[in-house]
Amino acid sequence: MNIHFSELFKKYNLLNHPFYLAWNEGRLTQQQLALYAAEYGAFIKLISKGWQQIREQEIANEETEHFHLWQNFAISIGAGSINANLPSSKQLVSLTEESYKTYAGALGALYAFEAQQPATASSKLEGIRKHYAHWNADETYFKVHKNDLYEPALLEDKINMLSDNDKAIATSACAASCKALWDALSGIMEYNMN
């Protein structure tokens, strides 16, 4: 892995975000998880477009199905419509859409999320089972992603084949996406505390 990516993931390791720590310690309310599902879902809905941009249609189709799994999770915990309403969620969606306009940008933005997803999905699944089972949350989205190491490896291979100029674009998109993912969680957490 490129050293720039490992440093990014150290700085913006989503497992260390206070929202996910609270999730895994059982400190979130159902209302807080529902808001997360609705806000973050607006980003999850876009993932298939990134895979389309890098010409991986089969994975793009799977990601469309995975968004439906996310919707099932959101409904199961009482979320309303999936929409980015908070400023930090809107920023994540906007940045993602912008990154997906180019091949290299899509690679970087996707990698920021997909490289962390197996660990975060596994952790969230454990938290749901340990602390929130009484809510009957649909776990399927997290089960599907907890061992998905193929997609981050594929993205890393594609990034390594880029020209130096395109690698810089991918790295920049990855850095911006890592921060935006972190900030989206912060915005959701701050809203929930008010």
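Predicted model: local features only at pLDDT ≥ 70, side-chain atom pairs only at ≥ 80, totals over all residues.
Residues are numbered from 1 along each chain as its sequence is written, and side-chain values use heavy atoms, with hydrogens and water left out.

Helix α7 covers residues 103–114 and helix α10 residues 150–160, and their axes come within 9 Å and cross at roughly 145 degrees. Helices here are DSSP runs of H or I with at least four residues, numbered from the N terminus, while axes are lines fitted to C-alpha atoms over the stretch in contact, with angles running from 0 to 180 degrees between N-to-C directions. The crossing of α7 past α10 is left-handed, meaning that the near helix is turned anticlockwise from the far one by less than a right angle. On the α7 side the contact (heavy atoms within 4.5 Å) is made by Y103, L107, L110, Y111 and E114, and on the α10 side by E151, P152, L155, E156, K158 and I159. These contact residues divide into 7 nonpolar, no polar and 4 charged, where Leu, Ile, Tyr and Pro are among the nonpolar types and Asp, Glu, Lys and Arg count as charged.

Two loop residues other than glycine have a positive phi. R55, in the loop between α4 (47–53) and α5 (57–76), has a phi near 60 degrees, and R55 is exposed (over 50% relative accessible area, with a 1.4 Å probe and protein chains only) at 61%. N136, in the loop between α8 (117–131) and α9 (140–145), has a phi of about 55 degrees, and N136 counts as exposed at 64% relative accessibility.

How values were computed:
Buried < 20%, exposed > 50% of the residue type's maximum accessible area, 1.4 Å probe, protein only.
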